[in-house]
Each structure stands twice: as structure tokens, then as C-alpha cells.
Amino acid sequence: QVQLVESGGGLVQAGGSLRLSCVVSGRTVSSASVAWFRQAPGKERQFVAAREGEAGTIYYSDSVKGRFTIARDDARNTVYLQMNSLKPEDTAVYYCAASWEVVPLVLVTTDRAYDHWGQGTQVTVSS
């Protein structure tokens with residue numbers, strides 16, 4: 001059974017940094033497409049970053065490009081999201097997602113491409 005467990009969220013001041021972790025169990029993360037999404041109160045879930053499984057191509061939303069970095073540690077079977085220069089508008093619950101199916105590139109940044117999800121971790125950025 002595949003499980004994704006996020007951690008690393010918390011309260012940080014604007015301009016600060018956090019690193020989110022997503023520990024994957026049950027399957028090897030090196031063969032998966034992995035992504036981070038976030039959902040703010042009253043808003044739809046939003047794509048943040050993804051690493052496509054076949055070619056390893058990385059995608060970022062325009063709102064986080066240059067500030068966030070998605071990375072994978074195969075030895076720890078873990079996916080990270082390094083978040084720098086945080087802004088109040090980054091406040092949300094952040095979710096890790098994964099798929100071991102072939103994901104069409106046009107869907108990599110959409111939540112319907114992923115069939116395994118973590119429980120989420122809260123990130124709050126104060127101004």
C-alpha cells in the first residue's frame with residue numbers, strides 16, 4: 001500500500017524559508033511522477049511544482065518560480081519542496097502527490113494526473 005506523509009509546515013514570517021518533506025512508502029519514488037499542490041481557505045487546489053517521472057522534467061507555477069525548488073532523494077524515498085522568500089499569499093495547506101502511471105505531459109501540472117496523495121501540511125506566512 002502506497003503512503004505519502006508530508007511534514008515541515010509551520011508558521012514563518014514573510015521573507016522566510018521552509019522545507020517540506022514527503023516521505024513515500026510502499027513504492028520507489030524514483031520511478032514516479034511527483035508534485036506539490038496547495039489549497040488556501042475558500043480556494044481551489046492549485047498546482048505548485050512537479051517532477052515528471054520519465055524524463056525528470058521539472059515544472060513550477062509562475063507564482064513560485066524562482067522561489068521554490070522541488071527535489072527528490074531516492075535514498076530516503078522522499079520528495080522535498082524548498083520554499084524561500086515566502087509571501088503571505090503562499091499560506092495554504094500543501095499536499096504531496098504521486099503517480100506511477102505514465103503521465104501525459106499536458107496533465108503533469110493538473111491534480112487529475114496523480115492518484116496518490118498525502119494528508120497535507122499547513123504553511124502559514126505572516127506579514
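**Entry 1: the disulfide**

I started with two cysteines: cysteine 22 and cysteine 96 are both buried. For my own reference, buried means under 20% relative accessible area, exposed means over 50%, and partly exposed is in between, using a 1.4 Å probe and protein chains only.

Before going on, I noted that this is a predicted model, where local features need pLDDT of at least 70, side-chain atom pairs count only at pLDDT 80 or more, and totals for chains, interfaces and linings use all residues. Residues are numbered from 1 along each chain as its sequence is written, and side-chain values use heavy atoms, with hydrogens and water left out.

How many disulfides does a search of the whole structure find? It finds 1, where a disulfide is a pair of cysteine sulfur atoms within 2.5 Å. It joins cysteine 22 to cysteine 96, with an S to S distance of 2.1 Å. I looked up the torsion about the S-S bond too: it is about -80°, so this disulfide is left-handed. Cysteine 22 sits in strand β3 and cysteine 96 in strand β9, so the pair ties together parts that are 74 residues apart in sequence. Strands (E, at least two residues) and helices (H or I, at least four) are DSSP runs, numbered from the N terminus.

**Entry 2: the cores**

Next I looked for nonpolar cores, meaning sets of buried Ala, Val, Leu, Ile, Met, Phe, Trp, Tyr and Cys residues joined through side-chain atoms within 4.5 Å. The largest one has 27 residues, and Trp36, Val48, Phe68, Leu81, Met83 and Tyr94 have the most contacts inside it. Which elements give two or more residues to this core? They are β3 (18-25), β4 (33-39), β5 (46-51), β7 (68-73), β8 (78-83), β9 (92-99) and β11 (121-126).

Not counting residues up to four places away in sequence, valine 48 touches Trp36, Phe37, Arg38, Tyr59, Tyr60, Ser61, Val64, Phe68, Leu81 and Tyr94. Contact here means heavy atoms within 4.5 Å.

There is also a second, separate core of 10 residues, which includes Ala35, Phe37, Val103 and Leu107.

I traced an open sheet of 4 strands in the order β1-β3-β8-β7, paired antiparallel. Two strands count as paired if DSSP finds at least two bridges between them. Which strands stand at the edges? β1 (3-7) and β7 do, each with a single partner strand, so one side of each is left without a neighbour in the sheet. The twist averages 15° from one strand to the next, with axes being lines fitted to C-alpha atoms (for helices over the stretch in contact) and angles running from 0 to 180 degrees between N-to-C directions.

Glutamine 3 has serine 25 in β3 as its bridge partner.

**Entry 3: salt bridges**

A search of the whole structure finds 6 salt bridges, each a side-chain nitrogen of Lys or Arg within 4 Å of a carboxyl oxygen of Asp or Glu. One of them links the side chains of arginine 45 and aspartate 111, at 3.4 Å from N to O. Arginine 45 is in the loop between β4 and β5, and aspartate 111 is in the loop between β9 and β10 (116-117), so this pair ties together parts 66 residues apart in sequence. Arginine 45 is partly exposed at 35% relative accessible area, and aspartate 111 is partly exposed at 31%.

Aspartate 62 and lysine 65 form another, with their closest N and O atoms 3.3 Å apart; both residues are exposed. I also found aspartate 73 with arginine 76, at 3.1 Å between the closest N and O atoms. Is aspartate 73 buried or exposed? Aspartate 73 is buried at 19%, whereas arginine 76 is exposed at 57%. Finally, Arg38, Arg67 and Asp90 are linked in a network of salt bridges.

Most residues other than glycine have a negative phi, and I wanted the exceptions. Asparagine 77 has a positive phi near 50°; it is in the loop between β7 and β8 and is buried at 16%. Serine 85 has a positive phi of about 50°; it is in the loop between β8 and β9 and is partly exposed at 39%.

My last stop was threonine 28, in the loop between β3 and β4. Threonine 28 is partly exposed at 45%. Leaving aside neighbours within four places in sequence, threonine 28 is in contact with Asn77 and Trp100. Threonine 28 and valine 2 are 26 residues apart in sequence and 9.5 Å apart in space, C-alpha to C-alpha.
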